[in-house]
Amino acid sequence: MAIRIPMSSPDIGDTEVQAVVETLRTPTLSIGPRLEAFERAAAAVAGVTWGVGVNSGTSGLHLCMIAAGVGDGDLVITTPFSFIASANCVLYERGIPVFVDVDPATGNIDPHLAASAADDLTRGGVAADRWLPPVLRGAHRSAGRLRALLPVHAFGQPADMDPLLDTARNHDLALIEDACEAIGAAYKGRPAGSLGDAAVFAFYPNKQITTGEGGMIVTNREPWAHLFRSLRNQGRDVFDGWLNHTRLGYNYRLDELSAALGLAQVQRLDALLAKRARVAAWYNERLTDIELIATPRIAPTTTHMSWFVYVVRILPPAQRDTVVRLLAERGIPSRPYFTPIHLQPFYRERFGYRGGEFPVTEHLGAVSLALPFSSVMTEAQVDVVCEALYDAVQRSVPLSAPGGIER
Ligand SMILES: Cc1ncc(COP(=O)(O)O)c(C=O)c1O
């Protein structure tokens with residue numbers, strides 16, 4: 001019988017099950033000791049002082065935009081090669097995500113482009129115009145202030161942070177790391193999550209560790225940590241009574257069951273990441289130097305990769321979308337990852353993107369393919385995927401293409 005291979009899988013052991021069941025037997029299912037312990041453990045992973053648990057990575061990013069002072073029309077420089085939440089969080093505060101293209105090797109934001117954009121946007125006028133979304137060009141005088149840089153550590157690989165930190169310093173910008181895909185990664189020996197003013201990890205079930213739904217903001221900025229605690233808890237301040245609300249807040253709390261699960265998972269983080277690295281190595285062994293397939297590129301600045309997904313590139317004349325279909329016919333899931341944010345229907349409609357604006361991102365969006373990946377995947381399953389992939393890639397080459405095969 002063929003083995004069914006899922007796209008991703010959580011890695012839940014007896015310790016996790018026991019931790020959740022024990023929590024269920026206590027009277028405290030929200031705002032309790034498990035959240036505090038999980039926050040301390042997550043902050044330690046990032047090497048920072050404060051962790052603030054929230055109910056998703058997206059809500060964590062939203063709160064970071066508030067802390068960064070993003071308001072009406074304010075600009076935030078970020079990447080279009082990401083999951084949509086990393087740009088949506090700017091819109092929640094009525095700001096404008098200013099996309100810059102990415103490094104073709106890693107798919108992470110190109111720090112040189114980010115620096116040029118920051119220079120031009122600060123200067124304003126015509127220079128600023130070309131960085132703005134199409135519908136806002138010519139309206140630059142009404143644009144708000146440039147407030148923040150929001151790099152994303154795509155696929156578990158840190159963005160090139162040192163030049164981004166220089167840009168943030170030069171222009172007095174907040175630097176928020178979207179580390180939703182990168183818990184446990186390191187950049188030049190420094191942990192993801194410790195590199196900017198604040199960072200966010202996410203714990204959806206496909207992530208390196210999961211809480212079901214959940215996220216964690218990590219920061220060294222004490223006033224921000226207090227602000228995050230208030231904002232996630234309906235705007236209550238520490239000294240407020242239950243029905244006093246100092247500011248507009250949200251219910252972004254992480255419950256105790258999720259926190260108990262997260263704590264048990266984060267205590268196994270090193271082992272879980274090592275298992276993921278082993279699966280990535282099995283894929284690399286089988287796919288490196290295979291015609292029409294390019295394996296993931298790890299930058300020299302990435303001193304520790306936190307494998308979130310295993311994403312290959314399907315090179316022309318092979319056809320990525322045909323490969324997806326042929327794999328699916330054999331029961332093997334795969335995903336185009338990422339679909340560029342500016343090409344999502346909502347962004348096209350609202351900001352006037354048509355395609356062609358960010359060529360590197362669009363190229364990566366057209367050729368990237370995430371393969372089934374998790375810490376519980378076996379070498380035999382990797383074999384099955386790779387065999388099917390070799391075949392699908394060859395069969396996807398149109399007969400008319402140079403090098404197209406007879407069939
Ligand atoms: C890069 C990136 N940013 C943000 C998020 C949002 O996290 P969540 O799904 O927990 O809201 C994710 C998760 O999928 C992500 O991959």
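User: What counts as a polar contact?

Analyst: A pair of N or O atoms within 3.5 Å; within protein, one must be able to donate a hydrogen and the other to accept it, and residues adjacent in sequence count only if both atoms are side-chain atoms.

User: How far is Glu181 from the ligand?

Analyst: A polar side-chain atom of Glu181 lies 2.6 Å from an oxygen atom of the ligand. Two other residues make such pairs. The side chain of Asp178 puts an N or O atom 2.7 Å from a nitrogen atom of the ligand. Gly57 uses its backbone, where a polar atom is 2.8 Å from a ligand oxygen.

User: How much of the ligand does the protein bury?

Analyst: Taken alone, the ligand exposes 390 Å² (Shrake-Rupley, 1.4 Å probe). The protein buries 92% of that.

User: What should I know about the model?

Analyst: The model is predicted, so to speak of local features takes pLDDT of at least 70, side-chain atom pairs need 80 or more, and totals for chains, interfaces and linings use all residues. Numbering runs from 1 along each chain as its sequence is written, and side-chain values use heavy atoms, without hydrogens or water.

User: Back to the ligand. Which residues come nearest?

Analyst: Gly57, Thr58, Asp178, Glu181 and Lys207, out of 14 residues around the ligand (a heavy atom within 4 Å).

User: And what kinds of residue make up that shell?

Analyst: Six are nonpolar, five polar and three charged. Here Ala, Val, Leu, Ile, Met, Phe, Trp, Tyr, Cys and Pro are nonpolar, Asp, Glu, Lys and Arg charged, and the others, Gly among them, polar.

User: Which helix gives the most to the shell?

Analyst: Helix 3, residues 57-67, with three residues. Helices (H or I, at least four residues) and strands (E, at least two) are DSSP runs numbered from the N terminus.

User: What is its volume, and what lines it?

Analyst: The largest pocket has a volume of about 610 Å³. Its lining has 33 residues, and Phe83, Asn206, Lys207, Phe308 and Tyr337 are the closest to its centre. Helix 3, helix 4 (85-92) and strand 13 (368-371) each give two or more residues. The largest share, three residues, comes from helix 3. By class, the lining has 17 nonpolar, 10 polar and six charged residues.

User: How many cavities?

Analyst: Two of 30 Å³ or more. In a cavity a 1.4 Å probe fits but cannot get out. The largest cavity has a volume of about 170 Å³.

User: Who lines that one?

Analyst: The largest cavity is lined by 19 residues (an atom within 4 Å of a point), with Thr106, Phe155, Pro296, Val311 and Arg313 nearest its centre. Strand 12 (310-314) gives the largest share, three residues. The lining splits into 12 nonpolar, five polar and two charged residues.

User: New topic. Which peptide bonds are cis?

Analyst: The bond from Pro316 to Pro317 is cis, with omega near 5 degrees. Pro317 is in the loop between strand 12 and helix 11 (320-329). The bond from Tyr337 to Phe338 is also cis, with omega near 0 degrees. Phe338 is in the loop between helix 11 and helix 12 (345-351).

User: And what is the phi of Arg94?

Analyst: Near 65 degrees, a positive value in a residue other than glycine. Most such residues have a negative phi. Arg94 lies in the loop between helix 4 and strand 3 (96-99).

Technical notes:
On a 1 Å grid over the protein atoms alone, a cavity is a set of points where a 1.4 Å probe fits but cannot get out, and a pocket is an open set with protein on both sides within 12 Å along at least five of seven lines; lining residues have an atom within 4 Å of a point. Grid points are joined across faces, edges and corners, and a volume is the space filled by probe spheres set on the points.
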